[in-house]
Amino acid sequence: MRFVVLGASAAGTNVVRKLRELNKDAEIIMVSEDTSIYSRCILYHHLKGERTLEELNFVGPCFEERMNITWINGVRATGVDIENKRVLFSDNRSIEYDKLCIATGSHPNFFPIPGLREGMNITGFRNFVDVEFIEERLEAAENIFVMGAGLVGIDVVAGLLPHGKNITLVDMAPYMLGIQLDDYSAGVYGRMFAEKGVKQYYNMGAKEFVLDENGNCYKVILNDGTEIDTDLVINCAGVRANVEFLEGSGIECDKFGLVFDEKGQTNVPDIYGAGDVSGRAPIWPVAVKEGMIAAYNMSGIEKSMDDFFASKSTMNFLGLPSMSLGQANRYDDTYTEEIYKDEEKGIYKKVVHKDGVITGAILQGDLSYSGVLTQLIRRKIDVSRIKKPLFEVDYSDFFHMKDNFEFFYED
């Protein structure tokens, strides 16, 4: 049996781990454009000077040898021949497979804004080559423009702060981290970054990236006409799944990315998917779990993602930790929110619920309640009968003792 895995990030490496655990003697080939294995979640630590490339490695040394796999790196997939079960690559080689997992991830989305795709000093922030691109230009760049204030954009800003540059952050959303946080918790970070000198524009986009005679962007014009001088542009405004090589293959993709079910199965037998390549759940824990699920099913052991709580984001910027669980914002007035604030201690807690079931929460400054909240959301436990504040609910409220001192769970 030959397993071929495309991608060497969170999803791909966990496919490999689980495949080797379940298939001691199978041939496993991992192929990636990356030449090193590293965590994309902490790339900004290298930008800050806190970690080396080796210290970004999340699988430990000698992964290839320990897993007893063949790792072909520095090449990218250019096509899949589903009739002959072969993958085609950029170095003109092709590899046959018995089972294939596509975990090729995603790339920055460069919108059709004048100058954005052409600028020689414009990059995304997705791969280590992007980090190298930025670091090569940092010394000469005084004014840095960051487009996109999601998790990646804020990571970039946090990584740039120690270098003492003039940083401008722009996003179309009304506040930073618009997927994870609400206006209050995001506003706390916004003020903290402003105190560090970061200029921020929200509800605002870029209209044009003005290039000089050498093709470098020296000025960004915003939608309202504001002009911002820049020496370096970092585009963090969203990603697109790496599925271009699947065009015409017969493997189903939609407007988001690769389509696969809760078992990781695509529309083509023996071809599976995992991670960001779906374009649907771009967070690390989901990619890890999907990789493991795909490996189980590739090995003939049926597993699914049905039991997994996916919507969880943890962050820590400027020493302030925050966590978002479930649907923590963008809900209508049929939902109820309960909020606790202690501005002096920097603590903010919000729980959102409907019909007795907690659907989302935000914790900032104090994450000690996150374990209980995660389980309440994950299990959709009815908390309507609990006669005390939701921030004081704990596991004992759902466990009871029989006459024989045996504990039992009641929801």
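A polar contact is a pair of N or O atoms within 3.5 Å; within protein, one atom must be able to donate a hydrogen and the other to accept it, and residues adjacent in sequence count only if both atoms are side-chain atoms. By that criterion, the side chain of Thr13 reaches the backbone oxygen of Ala10 at 3.4 Å. The model is predicted: local features need pLDDT of at least 70, side-chain atom pairs count only at pLDDT 80 or more, and totals for chains, interfaces and linings use all residues. Residues are numbered from 1 along each chain as its sequence is written, and side-chain values use heavy atoms, with hydrogens and water left out.

**Thr13**

- Thr13 lies in helix α1, residues 10-22 (helices are DSSP runs of H or I with at least four residues, strands runs of E with at least two, numbered from the N terminus).
- Thr13 counts as buried because its relative accessibility is 0% (buried means under 20% relative accessible area, with a 1.4 Å probe and protein chains only).
- Beyond residues up to four places away in sequence, Thr13 touches Gly7, Ala8, Met30, Ile37, Phe58, Val59 and Phe63 (contact means heavy atoms within 4.5 Å).

- Strands β13 and β14 are joined by 5 bridges, and Val210 has Lys219 in β14 as its bridge partner.
- Strand β14 (residues 217-222) pairs with β15 over 3 bridges, where Lys219 stands opposite Asp229.
- The hairpin of β13 and β14 has 5 residues between the strands, and Gly215 takes a positive phi near 85° there.

Conventions:
Buried means under 20% relative accessible area, exposed over 50%, partly exposed in between (1.4 Å probe, protein chains only). Two strands pair if DSSP finds at least two bridges between them.
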